[in-house]
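Please look at the sequence and the three-dimensional structure together, and keep both in view while you read.

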Amino acid sequence: MTNETFKPTHDSVSEIFGNKNSFYKIPNYQRPYNWESEQVEQMWDDLYEAYKGDDIENYFLGSIIVTPSEDGYFDVIDGQQRITTLIILFCCAANATSMSPSTVEEVKDAVQASVGKKIRLKLITEINQQIHFEQEIVNNNDLHNIRANKRIRKDNKYINTAIIFNEKIKKINNELEGFIRYILDKTTLIKIHCTNKSFAIKLFQVLNDRGLDLTQADLVKSFLLEKLEEEDREKFISNWKDIKRGMDFVNTTMEGILGYYEYYLLASNPKKSLSDEIANWIKKNDTSPDACPDAFIHKLSQFSKYYIEIIDDDTKTYSFNYLPHQIYHWPILTAAKKHMSNDDYEVLRDKLAGFYYSYWIAGYTASRIKQVSFNIIDIIKKGEGINKTMEELDKKINDDRVNERCCDNLNNSAYGERWLRPLLVAIEYQQTDDSKSDFIKLDKKLHVEHILPKDKKHHDTYNFDNGHKNMLINLLI
């Protein structure tokens, strides 16, 4: 293979967008822009935490694969969601008032070329998509005041992303210029330039086929084994296999339990990959007996046994399986099982179920529950008691006006909401006294018509009456 066919470069965001000869096009065979609020907020959080963190030198955002087209654009084979999201972020930042004129101009150049104002990103995935993108985002001088109802935000992902970024920008107004400069100058991507489109598509398929990749669990295992003497490795591998068998029993991967244990150890948001965070934790705690490989695998084994206990033997935890953001509640429950009395564990378990479901119904994303989840883990590990954990959760619920938002959303039709069936099943679990109830699968056979009557005027909608609504609020909050 020659460099003519395949040429990777490691470029900053400003180099990706600042080249006046680089214009990008999303071909019509690609899916339209479809990032949900969760993904947009995660990208912002990752970039902002990298900017504020100790590792400020650079942040790697991923790769893009491009191939030239006949009209002078590069077809984006992989990376369109990141590129589109970055451009929306730049448009929102350019509409803010706290950046210097020179940075504003550079941000605008990342969206448009300075010659002829040719747009940097062209979308041809849907009819009229390019017109909406240009009018509503790129050329909208009032973008910082954009408003939209829930339906529009659901249907128009560009507007939804812009609204999220506007809210974020307002909170860091004084830091905005430094943050944008960090994205432009210190955030990098691997740009893979392919001259042949079919090769580019094959390369995309190979890079996204994870079948033969080493997992994060494999990397953790390798790191720990390297620190052991030869005679200790057989015992370590045996313990590792025992943990894996336990995880197979409860349908959890080794990477899954290591992720929960990582959150338990750190009680803070990881800033690097799972394997890097665990390696760093061990290096920072090298004087502690808990950080040597033998002790680490022993502590992980204990943690995994508490996890299996709450997964396999506690019917009241079944409802947690339907929630998004699994990474937050399982470490808390496992920590509670490990450090609290059984009575306190049960009180916290029921409180957490209501807490996470209420945030889901209220329409909040992971960024709202992330920090309080870490706080609860820290409180439990310090042995500060059930009262302190309940106070922390109640304060968060009140500060975010969760009760009010839940009521508003329960007043509307619940048809099509992802939380509807999980919520009704969760209530079923909460009301049962049978500790050996069967787990209820959310398949096509499970319907809600017998619980929620159809609206008489709109037969495709389902509404909660006052009795159902009051029962839900009492159980949740």
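A salt bridge is counted here when a side-chain nitrogen of Lys or Arg lies within 4 Å of a carboxyl oxygen of Asp or Glu. By that rule, the side chains of Lys351 and Asp394 meet in a salt bridge, with 2.6 Å from N to O. This is a predicted model, in which local features need pLDDT of at least 70 and side-chain atom pairs count only at pLDDT 80 or more, while totals for chains, interfaces and linings use all residues. Residues are numbered from 1 along each chain as its sequence is written, and side-chain values use heavy atoms, with hydrogens and water left out.

**Salt bridges**

- The structure holds 20 salt bridges, and three of them are described in this section, together with how far each partner is covered by the rest of the protein, where buried means under 20% relative accessible area, exposed over 50% and partly exposed in between (1.4 Å probe, protein chains only).
- Lys351 is buried because its relative accessible area is 12%, whereas Asp394, with 31%, counts as partly exposed.
- Asp45 forms a salt bridge with Lys168, and their closest N and O atoms are 3.8 Å apart.
- This pair, too, links distant parts of the chain, with Asp45 in helix H2 and Lys168 in helix H7, 123 residues apart.
- Asp45 counts as buried because its relative accessibility is 11%, and Lys168 is buried with a relative accessible area of 14%.
- Glu175 forms a salt bridge with Lys52, where the closest N and O atoms are 2.6 Å apart.
- Glu175 lies in the loop between H7 and helix H8 (176–186), and Lys52 lies in helix H2, so the pair ties together parts of the chain that are 123 residues apart in sequence.
- Glu175 is partly exposed, with a relative accessible area of 24%, and Lys52 counts as partly exposed at 49% relative accessibility.

**The largest pocket**

- On a 1 Å grid over the protein atoms alone, a pocket is an open set of points with protein on both sides within 12 Å along at least five of seven lines, a cavity is a set of points where a 1.4 Å probe fits but cannot get out, and lining residues have an atom within 4 Å of a point.
- The largest pocket holds about 1800 Å³ of space, where a volume is the space filled by probe spheres set on the grid points, which are joined across faces, edges and corners.
- Of the 44 residues that line the largest pocket, Ser37, Gly363, Tyr364, Thr365 and Arg405 are the closest to its centre.
- Among the elements that give two or more residues to this lining are helix H2 (37–52), helix H7 (157–171), helix H16 (342–361) and helix H17 (366–382), and the largest share, seven residues, comes from H2.
- The lining of the largest pocket divides into twelve nonpolar, 13 polar and 19 charged residues, where Ala, Val, Leu, Ile, Met, Phe, Trp, Tyr, Cys and Pro count as nonpolar, Asp, Glu, Lys and Arg as charged, and the others, Gly among them, as polar.

**Cavities**

- The structure holds three cavities of 30 Å³ or more, and about 70 Å³ of space lies in the second largest cavity.
- The residues that line the second largest cavity include Leu323, Pro324, His325, Tyr364 and Thr365.
- H16 gives the largest share of the lining of the second largest cavity, three residues, and this lining divides into eight nonpolar, two polar and no charged residues.

**Cysteines**

- With a disulfide taken as a pair of cysteine sulfur atoms within 2.5 Å, the count comes to zero disulfides.
- Cys91 is in no disulfide, and the nearest cysteine sulfur, that of Cys92, is 6.9 Å away.
- Cys91 is buried, with a relative accessible area of 5%, and Cys194 counts as buried at 0% relative accessibility.

**Gln80**

- Gln80 has its place in helix H3 (residues 80–95) and counts as buried because its relative accessibility is 6%.
- Leaving aside neighbours within four places in sequence, Gln80 is in contact (heavy atoms within 4.5 Å) with Ile26, Gln30, Arg31, Pro32 and Tyr33.

Definitions and conventions:
Helix = DSSP H or I, 4+ residues; strand = E, 2+ residues; numbered from the N terminus.
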